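Visitor: I am new to this structure and would like to learn how to read it, one feature at a time. Could you take me through it slowly?

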Amino acid sequence: MALKEGTGSVNLSSVTGFIIQGFSDIPQIQSFLFSVFLLAYLFAVIGNLLLIFLITLDRCLIQTPMYLFLRIFCLAEIAFISVTVPKMLVILLVGDTWVSLVECATQMYSFLCVGTTECFLLTVMAYDRYVAICFPLHYANAMSIQRCNWLSFGCWMAGLAFPVGQVTFVFSLPYCGSNVVDHFFCDISPVLALACEHPIMNQVLIWVNSTLILLFPFQLVLVSYAHILTTILHMHSTTGRRKAFSTCGSHLLSVTLFYGTCSATYFRTSLGQSGENDKSMAVLYCIVTPMLNPMIYGLRNKEVKTALLRLVDRCSVGRR
C-alpha cells in the first residue's frame, strides 16, 4: 500500500520520510504564528550573538571562567533554536511538511546533540559557581583557562556522542500505519510513537535518555547549589550574601527554564502521558528559552551591563 494522499497512512516498505504536522490543527493563525516565531528567532539569534561579541571584546569578561562558559552557551543556544525553527517557519509559510528519513534523522541528532551539550554546560556553570563561592581562594587554580577549555570540550564531546545510539535505534525500527509526526520537528518521542514494534522498549529508551541527559546533570546542579546555599547562609556579611546570590541568579533562572520544561515533556512521555501540551512545552524550551537567554544574562547581570557601557565609551572615544 503506497502513501495515501492526505491520510499519512503507509505500510512498512513505503516509508521514505515523515509529514511534520506542526500547527496545522489551527490553520486560522498560521500567519500569526509565522510572524511571532520569526521575530522570536531573530531576537534569539541577534541577542545571543551580541552577548558573544560583548564577552569576546571585553578583556575583563573574556578572562573570567563564568563568561567563557556563557559565551559557549550562547553559541549553543543559537544552534539549538536554529535546528528546529527555520523548518517550522517554512512549514508555516509554504506548507512544506515533508521531511525525508535522512533529514529527520539529521534534525533529531542535531537537536539531541546541542540539547545534551547545553545540559552539561549548565552543569559545568553550576560547578564554576560552586568553586567560586565555596572555595574562593582556590578558584583561580581550579578554574584555570586551560581547565575551562577542557570542560567545554568535554561538554561538546558528550553532546556529539550521547545521541548516536539513540538516533540509530530510532531509525532502525520499522514504521507502519501513519507517518505523520505530531510535532513541529523530528523529536525522538513523537517519531518513536509511530514505530510498530517494541512499544515498551521505546518508552524505556526515552526514560533512559531522559535520565542520562536531564536527570543526572540536574542532580549535579542541585548538589552544587546545595553546597552554595550552605556556604552563603554561613556568611556573616550581608553584602557578601547579596553578591553571592546575584552571581547565581541568572544561572538559576536559566536552569529552571531549561530543565523544568524539558523534564516535564520527556518524563511525561516516558510514562505514556504525551499529548498536545508537549508541543506547547517544546515551544518554551526550543524558542522562548533561547530568546530569554540574552535578557537573563544581560539585563540582570551587573558585570555585563558594565562591560556594555565600557564598549559604548570606547566606541564614543574612537569617533572623536
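Visitor: Leaving out residues up to four places away in sequence, which residues does Glu77 touch?

Guide: Please keep in mind from the start that this is a predicted model. When reading contacts, one sets aside the close neighbours in sequence and looks at what remains, and for Glu77 what remains is Asn48, Glu118, Thr289, Pro290 and Asn293. Glu77 itself lies in helix α3.

Visitor: Is Glu77 buried or exposed?

Guide: The idea is to ask how much of a residue's surface is left uncovered, and a residue under 20% relative accessible area counts as buried. Glu77 has a relative accessible area of 1%, so it is buried.

Visitor: What does Leu89 touch, apart from its neighbours within four places in sequence?

Guide: Leu89, which is also found in helix α3, residues 65–94, is in contact with Phe34, Phe37 and Leu38. Its relative accessible area is 9%, and therefore Leu89 is buried.

Visitor: How many residues are in the largest nonpolar core, and which of them touch the most other members?

Guide: The largest nonpolar core has 94 residues, and those that touch the most other members are Phe37, Tyr175, Val191 and Ile287. Taking Ile287 as a case, and not counting residues up to four places away in sequence, one finds that it touches Phe37, Ala40, Ile81, Val85, Met88 and Ala282.

Visitor: How far apart are the end C-alpha atoms of helix α4, and what span should its residues give?

Guide: A helix can be checked by comparing its expected span with the distance between its ends. Helix α4, residues 101–134, has 34 residues that should span 50 Å at 1.5 Å a residue, and because its end C-alpha atoms are 49 Å apart, the two values agree.

Visitor: How many salt bridges are counted, and where are they?

Guide: The count comes to two. In one of them the side chains of Lys87 and Asp96 meet at 3.8 Å, N to O, and Asp96 counts as partly exposed because its relative accessibility is 38%. In the other, the side chains of Asp128 and Arg129 meet at 2.9 Å, N to O, and both Asp128 and Arg129 are buried.

Visitor: Why might residues spaced along a helix end up on one side?

Guide: An α-helix has 3.6 residues a turn, so residues three or four places apart point the same way. Leu212 is found in helix α8, and at 40% relative accessibility Leu212 counts as partly exposed.

Visitor: How many helices and strands does the chain have?

Guide: The chain has eleven helices and five strands, and 47% of its 320 residues count as buried. Its accessible surface comes to about 15,800 Å², with 69% belonging to carbon and sulfur atoms. Finally, among contacts between residues at least 6 apart in sequence, 76% join residues at least 24 apart.

Definitions and conventions
Residues are numbered from 1 along each chain as its sequence is written. This is a predicted model: local features need pLDDT of at least 70, side-chain atom pairs count only at pLDDT 80 or more; totals for chains, interfaces and linings use all residues. Side-chain values use heavy atoms; hydrogens and water are left out. Helices (H or I, at least four residues) and strands (E, at least two) are DSSP runs, numbered from the N terminus. Buried means under 20% relative accessible area, exposed over 50%, partly exposed in between (1.4 Å probe, protein chains only). The expected span of a helix is 1.5 Å times one less than its number of residues. A nonpolar core is a set of buried Ala, Val, Leu, Ile, Met, Phe, Trp, Tyr and Cys residues joined through side-chain atoms within 4.5 Å. Contact means heavy atoms within 4.5 Å. Accessible areas come from the Shrake-Rupley method with a 1.4 Å probe; for residues, only the protein chains shown count as cover. A salt bridge is a side-chain nitrogen of Lys or Arg within 4 Å of a carboxyl oxygen of Asp or Glu.
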